[in-house]
Amino acid sequence: HFGITKVNNTCNQLIKNWLLTCIDKSIKEDVKVIESGRVSALAIDPLKCEVWDKKLSKVCLLTYIKDSKGIYRYEEALKLSLKICEDYEELKGKSLNLELRWSNTYSQIGLIYMKQLEPDYENALDYYEKCLDVQMKLFGSESLEVGNTYLSLGLLYQEQEHYEKALEFIERDLLIKMKIIGHEDHEDITHAFNAIGSIYCHMNKFKDSIKYYNRTIQLGVKPLGDDHSSIADAYKGLSLVYKLQGDKNKALHYIDKTLLVQEDILGPNHQDVAESWFFMADIYYDKGDYDKALEYFIISLNLRIALLGDDHHQVAETYQGISEVYNCQNNLILCLENIMKVYDIHKHNHGEDSIYVADTYKYIGLVHYKGGNLKETLINFEYCLLIQKKMNKTSENQLKDINIANTLYDIAMVYYSQH
C-alpha cells in the first residue's frame, strides 16, 4: 500500500490505469485458482486474503483515477471496499491477520468518505473510529498506527472547522510519535507540526501558527534537507498566515520559496505546484496587481486542466479567479466568458439544483448589474432563488434560510434601482 501511495503521488493517469489493469488480471488469476479446486484446503484461506489485499490496493488506486467523464472513481472505490469488509466475515475467527486487514480497510473507507466530491463526514468519522478500535486492540494505545488514525481524525475535524477537536487529536498523534521516535527530526513529526500550524492559522492564532511552521523549517535545514516536502508545506503555511495578517510581501516571499522546493522535488507539472501558482495569483489579486494575478491564474489553470481534466472543481476555482480579475479590470465580457465555464463545470459535477450552481447564478447576476443590464441581473437572481428554494424542503426552512433572504433582498434592490 505504501508503493501504491507513492504511485498515486508521482505517476500520471496512464500509468495508474495500466497498474489497475495488472491488479485486475492478478485478481482474476487468483480467483480462477481458488475456484479450480487445485489448491489444498490449507492454502485456500491465505490465497483469499491475498486477493483481498490486491482488492484494497485497487481501492487505493481508484481514488486517484478518473473515469471517462473526468470524475474520480470514489463511488467505485467505496463500493469495493465495503464489499471487502463483507468478505472478511467469511474467515472471521481464523488467525490470518484479519483484524489488521479490517483496520486498513476501515481507514481507507474513512478517507474515501472524506475525499469524495460531496464529503460524508459522519460516515468518515464512523469508519475512522472503527479503525481506531481495532488498532487499539492490536497494537495498544501508543502505537504509530493509532497515532496515524488520530492524525486522520484531526484532519477530519479540521475540515469541519471543529478546530479545538482537531487540535486535540493531532496533539495526541504528536505525543505518541515523539515517544516512539524519540526526536523531532522525523517526517512524521514535521507533518504533525504543520498540521498544528494550520489549525492555529484557521483559529487566527497566528503567533502559535508561525511557531509550529518554523519548527518544521528549523528541523528541515539539517536532517530533512531544504528540499523536503514538509519544508514546502511549512513555507506555504507561513505564506497563508502572512496573507491573512495583511503582509502580502512576506506572503509572496514564502509562496515563492514553496514553489522552488516543490518544483525541485515534484517537478513543474504537479497538482501541488498548480495550487501554489493559484495561491500566488490570489496574493497578487489582493495587492491589486491584476496583470500579475491573471498571469499566475493562467499558469495554474493550464496545469490543472492537464493534470485533473476540464471538469475538476479546482479548474472551476481557477476560472472563478480569472473571472474576478477581469471583473476588477471592468472587462465584463471576458469576466462572463470565464464565469460561464465555472457554471458548466458545476452543473456537470453537481447537477443544476446545487448550491454551487446557485452561487454562480448569483455572481453572473452581479456582473450584469455592474454592467447595467438589469433584465439579465433579475433573470440570474431568480434562477438562484429557485434553486435555493428547491434545496429547502419546508416553508419554515425557506423563511429562515439566510441565502434565500439575501437573494430576495438583492432582487428587491434591483427593482428599487429601476425607479
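**Salt bridges in the model**

Mentor: A network of salt bridges links Lys243, Asp282 and Asp286, where a salt bridge is a side-chain nitrogen of Lys or Arg within 4 Å of a carboxyl oxygen of Asp or Glu. Please keep in mind that the model is predicted, with local features needing pLDDT of at least 70 and side-chain atom pairs pLDDT 80 or more, while totals for chains, interfaces and linings use all residues. Residues are numbered from 1 along each chain as its sequence is written, and side-chain values use heavy atoms, leaving out hydrogens and water.

Trainee: Which residue forms a salt bridge with Glu168?

Mentor: The closest N and O atoms of this pair are 2.6 Å apart. Both residues lie in helix α8 (residues 163-181), and because they are 4 residues apart there, about one helical turn separates them; helices are DSSP runs of H or I with at least four residues, numbered from the N terminus. The partner of Glu168 is Arg172.

Trainee: Is Asp30, which meets Lys54 in a salt bridge, buried or exposed?

Mentor: The side chains of Lys54 and Asp30 meet at 2.5 Å, N to O, and the pair links helix α3 (residues 41-62) with helix α2 (residues 13-36), 24 residues apart. Buried means under 20% relative accessible area, exposed over 50%, and partly exposed in between, with a 1.4 Å probe and protein chains only. Lys54, at 22%, is partly exposed. Because its relative accessibility is 12%, Asp30 counts as buried.

How values were computed. Helices (H or I, at least four residues) and strands (E, at least two) are DSSP runs, numbered from the N terminus.
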